[in-house]
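Try each one yourself before you read the solution.

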Amino acid sequence: MIQSRGLQRLAARHAAWMAALVLAACGGGGNGGGGGIGWVPVVPVQPDAPAASYPIGGSVSGLNGTLVLRNNGKDDLTLEADGAFRFTEPVTAGNPYAVSIARQPQGQTCAVSAGQGTASAAVTDVRVICAAITHTVGGTLSGLAGGTLVLRNNGADPLSLTADGHFAFAQVVPEGATYDVTVHTQPAGLLCKLTGASGTVNAAVTSVVAQCAADPSLQPPPIPAAPSVGYAPKSFLFSWPAVANATYYRLGEDPGATGSFTVVADNLGSTTYARQELALTQPPAAWRHALQACNANGCSPWSLPVTPDGNRAIGYFKSTSTGAHAFGRGLALSPDGSAMAVGDGATLELFTRSAGQWQWVQTLGFQVGSVPNPVVSDDGTLLVGMPGHDGAFGDQGLVKVFSRTPSGWTQADEWNPPAPRFIGNFGAFLGISRDGTVVVVSEYFSARGGSFHVYRKTGGTWAREATIEPEHAQPGSLFGVQAKISADGSTIVVGAQYEPSGSLTDETDTSVSNAGAAFVYGYDTGTGTWTSQPQGTGAHPPRSVRRQHRHLGRWQHGDHRHAQCVGCGRVSRWRRPCVPAQRGHLRPRPDDPGAPAHAGRHVRRVRPGAHAGRHRPGDRRAR
């Protein structure tokens, strides 16, 4: 347009100049001459002034982000806040202008008004108005059997619902904002729960789900599962899983199997109950029991019944296996009476006692023919000696150590004989201190007549502390056939039931076959060693004890003048003073008739003269 107008003006100037030239050629001079061409002076043409141009602008409101405007398809202008704006390039007067949106702010929509026209003056009335993109929030409702459910979104905009179906909140939510639907008021007697109730709005939300049902807190608890039953002497031990919304339980009995239960235990606040002091000698027709779960709104119907076995509550223990297992062959009881192990063939059954009630805990299995022999301490340390265990040699023996945990016993260590040998019977007899830190293990077959081993636990680790053999070789004496340790772990006594000495002063004597002896050892805390205790004086115990009769009872130390033998073969006959022995021995009075043949042996009788290597104490053929 500008170029066209310039050409028009240039053409006009050229025409005027040509007209002036023609007129000069035709006119006469002032002195009367004619026909000649006169000179006409040329008047210079002044150039036109530049065309006017005007700025284009206006104002923006509601902006919350970054907006890009554009004029006549160019001259982009970036805005980030409300207020006045003006494009960089003005528009020449008479030319058009057109303001448009080049890029919308995120989450908003902006619109332009009065954005087009012809520039004839400065433009300041272009209006740009921005607003958020919004969506509705809603969902579906089910289970509303009556009453009114009041929902809220983002803590406001309450919505009252009285029937199932679709719903939507009145207030829309800007795109990119979050929504959070909550229950403001529950309908009477119902409990409504929401799913999909929160998130970010990117489109219309229709995924909120409200489901209503009867309020469990206003109902009795559901029917519980049938209780489980454990057993203790004269007791049934009931237990069951917790029931939702139950605050207490009832245990009922139906002794006549009529289907009608009578409450025998009410207001039970826990999920266990011990029914004790049962009259097992006159049991009912059936020990049927069932459970109710209760709260302030009432009690559930009775659970399915459970029928305990009254025989399992009898106050003694039997193997759960059928057939002959020699149940009870090996026994161990902790000093505090809280743990017990009972041998059952090649297994051990473990029991614990709490609040006066015994309960089976677990079964430990071992090599068939290993003859497990247990001992247990107050801290639950369990040792199992297996003199019949076959390793590199037959009957070489083995000892396993178990630690007690909240869930039972787990193996912590295993001891093989330091020098395995055929029929070594390592672990035939065991002793453990009360605190479970010192152990004596017998191994009564060896070239010197037998031995015993001492193990000590330090810092949770077991180590063999000493191996002790008889001071003088006693082949076949079964030194260590019995091995016991004191509760404090400071004294050990071992028996040698076939020790052959007939002398009170000479342990090397071999004049009396199967005389037997017992040897006492003490622990020296200063040197950390075990030594034979010296000859006793006064009320101190002797180093060894000898008897020469067939039935060894229990020696009881009296005063410094004499000792007594308690529990001998014929108690009334042998409850008399015995002659104090020299060098720490005790011998019966020489005038006592029927002097037994040996001492320091196991309680079972052994044939006099039987070969020590042909049987183990306790074998049937050794009786």
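**Exercise 1.** Find the loop that holds Asp395 and look up its phi.

*Solution.* This is a predicted model. Start with the strands: β33 covers 382–386 and β34 covers 398–405, and Asp395 sits in the loop between them. Next, check the backbone: phi of Asp395 is near 55°, a positive value in a residue other than glycine.

**Exercise 2.** Locate Asn425, then decide: is Asn425 buried or exposed?

*Solution.* First, the place: Asn425 lies in the loop that links β35 (408–415) with β36 (430–432). Its phi is positive too, near 55°. Now the accessibility: buried means under 20% relative accessible area. Asn425 has 0%, so it counts as buried.

**Exercise 3.** Work out how β3 pairs with its partners β4 and β7.

*Solution.* Take β4 to begin with. Strands β3 (residues 67–71) and β4 (residues 74–79) run antiparallel and are joined by four bridges. Within this pair, Leu67 faces Leu79 of β4. Two residues separate the strands of this hairpin, where Asn72 has a positive phi near 55°. Now turn to β7 (residues 96–103): four bridges link it to β3, again in the antiparallel sense. Here Val68 has Arg103 of β7 as its bridge partner.

**Exercise 4.** Which strands are at the edges of the open sheet?

*Solution.* Write down the order: the four strands go β4-β3-β7-β9, with antiparallel pairing. Then look for strands that pair on one side only: these are β4 and β9 (116–118), the edge strands.

Methods
Residues are numbered from 1 along each chain as its sequence is written. This is a predicted model: local features need pLDDT of at least 70, side-chain atom pairs count only at pLDDT 80 or more; totals for chains, interfaces and linings use all residues. Side-chain values use heavy atoms; hydrogens and water are left out. Two strands pair if DSSP finds at least two bridges between them. Buried means under 20% relative accessible area, exposed over 50%, partly exposed in between (1.4 Å probe, protein chains only).
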